[in-house]
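The entries below follow the order in which I went through it.

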Amino acid sequence: MKNKKNELTKKVKRDSRSKLVTTSFINSLKKKYAITKNEKAVAYFKEILPATFSKEEWNVPKDKNLKKELFSLKNEKYLYKDFAEFLKSNQIRIEGYSDISAFVEEMYTRFESKTLLRYYEEHLEEDNKDFANVIGEYRDGLLLFDLMESKIWNVSKTDSIGLKKYYETQKDKYTQNEAYKVLKASSSKKEAISKVEKLLKKKKSIKEIKNEVNKGDIALVLFSEEELAKGDAILPKNFSAEKGKIVFLEEENFKTLIMVKEILPSRIKTFEETKGEVINDFQESIENKWLDHLRVKYPVKVNEKTLKKAKKELSI
């Protein structure tokens, strides 16, 4: 897939329409930043490049002219030396040109274009307000994330003593409602469920009942043991708990028997049982205290007149 992407990218870059778009954009950047071709610089480099440039390694000479300004983009200046380094890095390309003069002309155009594009990308926020706003929101989001992590999330993870202390002061809110351990027996054969009921009333064990109703390889009745909380949707309305009580549910082609085996009274959950919930509440507690502190330190004054005007304009 990656190779295919690279191949398609190369095709697009070679396409004449793509080159026209690129050239048009570069020209718009030249106009935007008031860049004109430095003919003196081009002439200088045509003169200093030796005839052996295509055959021998060339080193940037120590010449005071290299300190001259090639062109500038607002407050950033680019010198002859920068272009000289660019020529050196592209020396191998000269074999594709008729002479040094053509090579320098083409390399100057490339250097100018690359510099313009890089500058534009690096200063896009200054030129594009919408982009600047998006980047600003992204940076603010990262800063807020780092702040929340250091002030709140990491504290709740590392302050085990504070977390347990919070649980002890708030544990009345972490309660387990009354619940029931039940036996469920379901079947599409109503007579099979009736048989299960009779056997349960005779105090037969679950193993004995299974052997009675599920003979051979055919399982007429599906058995399961579950824990249901008071008010669970599966329980009939106005269900009153009683050990040994049997109720029936019917839906579509199935009939289900539910027998209460044990009643689990309402209780306070242990710290380990409700640790995740305690961490969330502890984080919220820390966040609220932090926000209260910020409100005192940095009081917010609402401009009621402006607020009223905004509400009116938004028809709130």
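**Helix packing**

I began with helix α3 (residues 39–48) and α4, which pack at an angle of about 45° with their axes 11 Å apart; the axes are lines fitted to C-alpha atoms, for helices over the stretch in contact, and the angles run from 0 to 180 degrees between N-to-C directions. That makes α3 oblique to α4, given that angles under 35 degrees count as roughly parallel, over 145 as roughly antiparallel, 65 to 115 as roughly perpendicular and the rest as oblique. I note that this is a predicted model, in which local features need pLDDT of at least 70 and side-chain atom pairs count only at pLDDT 80 or more, while totals for chains, interfaces and linings use all residues. Residues are numbered from 1 along each chain as its sequence is written, and side-chain values use heavy atoms, with hydrogens and water left out.

I found the crossing of α3 and α4 to be right-handed, where right-handed is said if the near helix is turned clockwise from the far one by less than a right angle, and left-handed if anticlockwise. For the contacts (heavy atoms within 4.5 Å), I listed K40, A41, Y44 and F45 in α3, which meet Y80, F83, A84 and L87 in α4.

I then turned to α4 and α5, which pack at about 115° with their axes 10 Å apart, and which are therefore roughly perpendicular to each other. Their crossing is right-handed, and D82, F83, F86 and L87 in α4 meet a set of residues in α5, among them F103, M107, Y108 and F111.

**Aromatic rings**

Searching the whole structure, I got 18 aromatic pairs, counting rings of Phe, Tyr and Trp (its six-membered ring) whose centres lie within 6.5 Å, with planes under 30 degrees apart taken as stacked, over 60 as edge-to-face and the rest as tilted. F83 and F111 form a tilted pair, 5.6 Å centre to centre with 55° between the planes. F83 lies in helix α4 (residues 80–89) and F111 in helix α5 (residues 100–122), so the pair ties together parts that are 28 residues apart in sequence. Both F83 and F111 are buried (under 20% relative accessible area, with exposed over 50% and partly exposed in between, for a 1.4 Å probe and protein chains only). I also noted one aromatic cluster formed by Y44, F45, F71, Y78, Y80, F83, F86, Y108 and F111.

What do K245 and K255 lie over? K245 lies over the face of F239, at 5.3 Å from the ring centre, and K255 over the face of F248, at 4.7 Å; a charge sits over a ring if NZ of Lys or CZ of Arg is within 6 Å of the ring centre and within 35 degrees of the ring normal. F239 itself counts as buried, at 18% relative accessibility.

**Two single residues**

A102 is in helix α5 and counts as partly exposed at 28% relative accessibility. A102 and K46 are 56 residues apart in sequence and 9.0 Å apart in space, C-alpha to C-alpha.

F271 is in the loop between β8 (267–268) and α11 (275–297), and is buried at 13% relative accessibility. Not counting residues up to four places away in sequence, F271 touches L163, K164, Y167 and V278.

How values were computed:
Helix = DSSP H or I, 4+ residues; strand = E, 2+ residues; numbered from the N terminus.
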